[in-house]
Amino acid sequence: MPPESALWVDLVSRFAKHVSIAGFGLVQSPMFEDIGVFQRVGEGTDIVTKEMYDFEDKGGRHLALRPEGTASIVRAYLQHRPQRSPWKVWYVAPNFRYERPQAGRYRQHHQLGVEVLGSADADLDVEVICLQADFYAQLGLKQVRLLLNTMGTSADRARYTTVLGEWLADHYQELPTQDQETARTNPLRVLDSKRAETQDLLTGAPIVLEVISSEAIEHFERVKEGLEAAAVHFEVEPRLVRGLDYYTHSTFEFQALALESAQNAIGGGGRYDALAAALGGPDTPGVGFGSGIERILLAVEAEKILADVSGAPLAFVVDTTGGRHAREVVLEARRSGLQVDRAYDRRSMKSQMKAADRSRAALAVLIGEDEVSTNTATIRNMRGDTPQTSIERSALIEYLRNQQ
Ligand code: HAM
């Protein structure tokens, strides 16, 4: 709600500009999809198996509210087959996850994100990560850490899953009971466990870099080299798996260190070269990121970055003659692109001045019987004590324009 929502508007418009410069176009994808779109991309994840809002519509279709943006974008790509390659798109969209709500974790959250489809070039991993890092930097966020990992090719990922699964089977008794089932059904998810005993045990587990192919190592080296050349600082975190199952090669997460650790991921993403095929399309490599708007705003607040997006008007018109003049001046000013406001309901001079004060307008334009009879307006500076000036009504808009 206003006034906080002004920060939201500012954030989205800055993002739109930031990614447009890099050649991304907006995609507006539907809020719900056939449930299969999501089931096929994350059968082993909490996001898909436990947190998805799904329902049957009046036509008997089984639908799900979008828990994340990437699968919908890939579905749209496969359906519409855009000619441009690579296809570079961005989005701002709500996502729905049935989680336990708390600060920074909501059942409806909103993401700013980008996806690039149609190229396996590691330079695009670099481009996407830099785009995200630069966005946070431009907002003024300083306490941000970038964690980077690779999952290798699809075959590497499968091999690593087996290797890790076998290792976990050998250490089954040492795992907390809550993680034992996960170790059996989806070994990679165990790396994501928040339990300290599990994390301690995992220090001895095989890491993905020991298992992946030379092709994947080469891709990873190219990404790291690109990030170093771009002066984007990162830490390789071999246990970073992230909450979705579709990643191959690069995976990454940006954490805001000013936020509490359970909800400090302000954004994340990676490459998903096998996702299009999993959705029944031809092999189409892709890479992208999503960033939670609510979390970015929490980080901005935690780092006390004061964005001046107050939206205060330039002038507030105080008309004590019944409101007709306020109506005319406000309309004319707004048609000239000036931010001007007024009070309604024929309020008293005192009450209108209070409203002018509250609006934090720089100027008050006073119109009373005297001004009407002389065809003028009186300008009062609301910040400081410069004397009032009288302006011809016909010169008022020009005067206000010069005060911007
Ligand atoms: P994700 O890591 O699940 O990735 O979500 C991306 C970001 O959305 C998180 O880093 C976080 O900032 C925010 N977020 C997620 N869940 C919540 C929640 N419950 N409340 C508030 N904020 C939340 C994805 O969704 C992938 N689609 C990202 C991606 C794009 N990968 C490739 N391309």
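## The five-stranded sheet

An open sheet of 5 strands is arranged in the order β13-β12-β14-β15-β16, with mixed pairing. Two strands pair where DSSP finds at least two bridges between them; strands (E, at least two residues) and helices (H or I, at least four) are DSSP runs, numbered from the N terminus. The edges are held by β13 (340-342) and β16 (389-392), each with a single partner strand, so one side of each has no neighbour in the sheet. On average, neighbouring strands of this sheet are turned by 30° against each other, direction ignored.

Strand β15 (residues 376-381) and β16 run antiparallel and are joined by 4 bridges. The bridge partner of I379 is T389 in β16.

## Basis of the model

The structure is a predicted model, in which local features need pLDDT of at least 70 and side-chain atom pairs count only at pLDDT 80 or more, while totals for chains, interfaces and linings use all residues. Residues are numbered from 1 along each chain as its sequence is written, and side-chain values use heavy atoms, with hydrogens and water left out.

Helix α13 (residues 324-335) lies across β12 (315-319), β13 and β14 (363-367), and runs at about 160° to β13. Helix α14 (residues 349-359) lies across β12, β14 and β15, at about 175° to β12. Contact here means heavy atoms within 4.5 Å. Axes are lines fitted to C-alpha atoms, for helices over the stretch in contact, and angles run from 0 to 180 degrees between N-to-C directions.

G384 is located in the loop between β15 and β16. This residue is exposed, with a relative accessible area of 54%; exposed means over 50%, buried under 20% and partly exposed in between (1.4 Å probe, protein chains only). The C-alpha atoms of G384 and A362 are separated by 9.6 Å, the two residues being 22 residues apart along the chain.

## The three-stranded sheet

A further open sheet, of 3 strands, has the order β2-β4-β3 and antiparallel pairing. Here β2 (32-34) and β3 (54-56) stand at the edges, each with a single partner strand, so one side of each lacks a neighbour in the sheet. The twist from one strand to the next averages 35°.

Strand β4 (residues 62-65) is joined to β2 by 3 bridges, and the two run antiparallel. F32 has L65 of β4 as its bridge partner.

## Helix α5 and its two contacts

The axes of helix α1 (residues 5-21) and helix α5 (residues 122-139) come within 11 Å and cross at roughly 135°. That angle makes α1 oblique to α5; angles under 35 degrees count as roughly parallel, over 145 as roughly antiparallel, 65 to 115 as roughly perpendicular and the rest as oblique. The crossing of α1 and α5 is right-handed, meaning that the near helix is turned clockwise from the far one by less than a right angle. L11, R14, F15, H18 and V19 of α1 make the contact with L131, D134, F135, Q138 and L139 of α5. By class, these residues are 6 nonpolar, 2 polar and 2 charged. Ala, Val, Leu, Ile, Met, Phe, Trp, Tyr, Cys and Pro count as nonpolar, Asp, Glu, Lys and Arg as charged, and the others, Gly among them, as polar.

The axes of α5 and helix α10 (residues 214-229) come within 8 Å and cross at roughly 40°. These two helices, α5 and α10, are therefore oblique to each other, and α5 passes α10 in a right-handed crossing. The contact involves A122, D123, D125, V126, I129 and C130 of α5 and H219, R222, V223, G226 and L227 of α10. The contact of α5 with α10 comprises 6 nonpolar, 2 polar and 3 charged residues.
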